[in-house]
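Reader: Before we turn to particulars, could you take me through this model by way of its ligand shell and one of its strands?

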Amino acid sequence: MIFGGKGIIGLDIGSKHIKVVQLKELKTGYQLDRLGIMPIAPELIVDGSILDAPRVVEAIRKLIAETNIKVKDATISVAGHSSVIIKRISVQQMTEEELSESIKFEAEQYIPFDIEDVSLDFQILEQKQSEDHMDVLIVAVKKDKINEYVSVVRDAGLNPVVVDVDDFALENMYEVNYEIHENENVALVNIGAGTINMNILKGGVSVFTRDSSVGGNLISDALQREFAISYENAERLKYGEAVEGISQEDVSASLMSSCEDIVGEISRSFDFFRGTSRQGEDISEIILSGGCSLVKDFVSLLSDRIAVSVKIAEPFRNIQVPDSFDKGYLKKIGPIVAVATGLALRRIGDS
Ligand SMILES: Nc1ncnc2c1ncn2[C@@H]1O[C@H](COP(=O)(O)OP(=O)(O)OP(=O)(O)O)[C@@H](O)[C@H]1O
Ligand SMILES: [Mg+2]
């Protein structure tokens, strides 16, 4: 059903853009089949909560129709520190079967929510910690958050078959497109409107994840306050467009100062990672995605301040792109569809 079947779409429901990606599986890899981005009004999804479900449903329907997608099965994702917990824990050696029986009990102490309120998944990590213990990655997502997202997707006429988290979708996108360096730590950082997702991989294996509720909105809010303008005009300035009566220099100063705040947030997480990692490890590279990577001068500011080289994510680096797509456009918006591409790479039954 999967190979050569009708496939699955990756649907990333963000608070600024809803994105969809459909890939075709070829013998030699993947090919981009469909791609679409639909901006939504800022009041529809706030702090990761869907506040206006009917309008989100309408936006998804419109996106699917405009992108000419016929497939119904979708992988979606959730994110955010208040609804997703990802932790690496150590448990007694046991079989996967035994662990699936006892995982609730093992995980309970690490999860700040009632265990009955979360949907729990786990993965046994290969590296053995010691003879009698093993490392396990646990993922807990609040059930009401899953239900919120699943129900808008259903109402839009789609069939949500996998619910993933943004951090892992980024990892899937990375695995397909980049070579893994055994002894290096690579940070996947996705800066959207209302969240930053961070996933640090060591030799291709996730060793640290963190979601923060700071994002590009911080820049828009600051511009709005500073120049007493509407959200729409603040977004215009952020995209490098002119707004009457506001000088480019004033905008630059404000942009820089809020970009510094976003960089500070990432920097603190990296410090935390360095402090907790077993051998005081460092990060060799950042693969940056999310709309905020398009903010003027943000990339250079980030790499200067953190002193780590920053590459803008290229989700189609290793994915064939037919000539019918505008390559220049894809290069530009690539970072915005990094999560959606990772989601499109998921297959039913994957764990
Ligand atoms: N060309 C651009 N120039 C400047 N900023 C941009 C550009 N494109 C997008 N952005 C900014 O990027 C952010 C949106 O990015 P993205 O689409 O990745 O977020 P999202 O996934 O919808 O949000 P979230 O996942 O945080 O809810 C917004 O803050 C937007 O203003
Ligand atoms: Mg996002």
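Author: The shell around ligand 1 divides into six nonpolar, 11 polar and three charged residues, where Ala, Val, Leu, Ile, Met, Phe, Trp, Tyr, Cys and Pro count as nonpolar, Asp, Glu, Lys and Arg as charged, and the others, Gly among them, as polar. This is a predicted model, in which local features need pLDDT of at least 70, side-chain atom pairs count only at pLDDT 80 or more, and totals for chains, interfaces and linings use all residues. Residues are numbered from 1 along each chain as its sequence is written, and chains are lettered from A and ligands numbered from 1 in the order in which they are written.

Reader: How many residues surround ligand 1, and which are the closest?

Author: A residue is near a molecule if its C-beta atom, placed from the backbone, lies within 6 Å of it. With that cut-off, 20 residues surround ligand 1, the closest being Gly14, Ser15, Gly192, Gly216 and Gly291.

Reader: Is strand E11 mostly covered or exposed?

Author: A residue is buried if 20 or more other C-beta atoms, placed from the backbone, lie within 10 Å of its own, exposed if 12 or fewer, and partly exposed in between; strands are DSSP runs of at least two residues, numbered from the N terminus. In E11 (residues 185–191), seven of its seven residues are buried, so defined, and the strand is mostly covered.

Reader: Which residue in E14 is the bridge partner of Asn190?

Author: Two strands pair if DSSP finds at least two bridges between them, and five bridges join E11 to E14 (residues 285–289), which run parallel. Within E14, the partner of Asn190 is Ser289.

Conventions: Helices (H or I, at least four residues) and strands (E, at least two) are DSSP runs, numbered from the N terminus.
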